[in-house]
Amino acid sequence: MDHKNEKYNAELLKKIDSLSKRLGFQKNDKTLLEIKKTDDVNIKELHLKNGSWESNDPWFAVDADDEKKAYAFIPADAFAQMIDTLRISQQENFNLKLEKTIWQNVPLDFEDVWVVAMEEIRTHARKEDPKKPVSIDLDKLIIKIKKEHPNLFIDLKEFIPEQLNNHK
């Protein structure tokens, strides 16, 4: 690679090495490309600097004219799998947050509260733009459900002696 700016080049290669390592590739296993301009503004050339054109693993490319820019190319199947994994992870994370929020509010029947919460979320999602991800404050949602359906939650005040309740 042309070494116009050694600092940026070294930083990019360090980032690429770090990403490669996290993906489980050895330092010499990765395919590294350099992107160069041509006389035609609509065409750029890819020059293989390391690895193989036949590699099914991600390819990394550095722009020869702007060494601050690095790119990763991955096969479409791997990209689709990555997106699916992210969606599943996001759903699991949401479910865990909702579960935690429900338990913090001492439900009488967890499953009943879960069903009501999911219906509220679906209703909220239908009202919003379907192209945008649903953003909902789970604490506020469960408080709303608790007000509308107090029978789904244990009222801890009932278990505290009346003298302590009056001291608030």
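Guide: Two strands are said to pair if DSSP finds at least two bridges between them, while helices (H or I, at least four residues) and strands (E, at least two) are DSSP runs, numbered from the N terminus. With those terms, there is an open sheet of four strands in the order β2-β1-β3-β4, with mixed pairing. This is a predicted model, in which local features need pLDDT of at least 70 and side-chain atom pairs count only at pLDDT 80 or more, whereas totals for chains, interfaces and linings use all residues. Residues are numbered from 1 along each chain as its sequence is written, and side-chain values use heavy atoms, with hydrogens and water left out.

Visitor: What makes β2 and β4 stand at the edges of the sheet?

Guide: β2 (44-50) and β4 (70-73) each have a single partner strand, so one side of each is left without a neighbour in the sheet. Neighbouring strands of this sheet are turned by 30° against each other on average, direction ignored, where the axes are lines fitted to C-alpha atoms (for helices over the stretch in contact) and angles run from 0 to 180 degrees between N-to-C directions.

Visitor: How do you know that β3 and β4 pair?

Guide: Strand β3 (residues 59-63) and β4 are joined in the antiparallel sense over four bridges, and since at least two bridges are required, they count as paired. W59 has F73 in β4 as its bridge partner. In the same way, β1 (residues 31-37) and β2 pair in the antiparallel sense over six bridges, with L32 standing opposite N50 in β2. β1 and β2 form a hairpin, with six residues between them.

Visitor: What makes the meeting of D63 and K44 a salt bridge?

Guide: The term requires a side-chain nitrogen of Lys or Arg within 4 Å of a carboxyl oxygen of Asp or Glu. For the side chains of D63 and K44 the N to O distance is 3.9 Å, and the pair is a salt bridge. D63 lies in strand β3 and K44 in strand β2, so the pair ties together parts that are 19 residues apart in sequence. The structure holds eight salt bridges.

Visitor: Which other pairs meet that criterion, and how are their residues classed?

Guide: One of them joins E119 and R126, whose closest N and O atoms are 3.3 Å apart; E119 is partly exposed at 38%, and R126 is exposed at 59%. Another joins E148 and K144, with 3.5 Å between the closest N and O atoms. E148 and K144 both lie in helix α4, four residues apart, about one turn of the helix, and they are partly exposed, E148 at 43% and K144 at 34%. Salt bridges that share partners also join E34, K36 and K49 into one network.

Visitor: What makes a group of residues a nonpolar core?

Guide: The group must be a set of buried Ala, Val, Leu, Ile, Met, Phe, Trp, Tyr and Cys residues joined through side-chain atoms within 4.5 Å. The largest nonpolar core has 14 residues, and those with the most contacts inside it are L98, I102, I142 and I145. α2 (76-104), α3 (110-127) and α4 (138-148) each supply at least two residues of this core, and α3 gives the most, with six residues. A second, separate core of five residues includes L12, I16, L32 and V62.

Visitor: How do α3 and α4 pack, and which residues make the contact?

Guide: α3 and α4 pack at an angle of about 115°, with their axes 10 Å apart. Contact means heavy atoms within 4.5 Å, and here V113, V116, A117, E120 and I121 of α3 meet L141, I142, K144, I145 and E148 of α4.

Notes
Buried means under 20% relative accessible area, exposed over 50%, partly exposed in between (1.4 Å probe, protein chains only).
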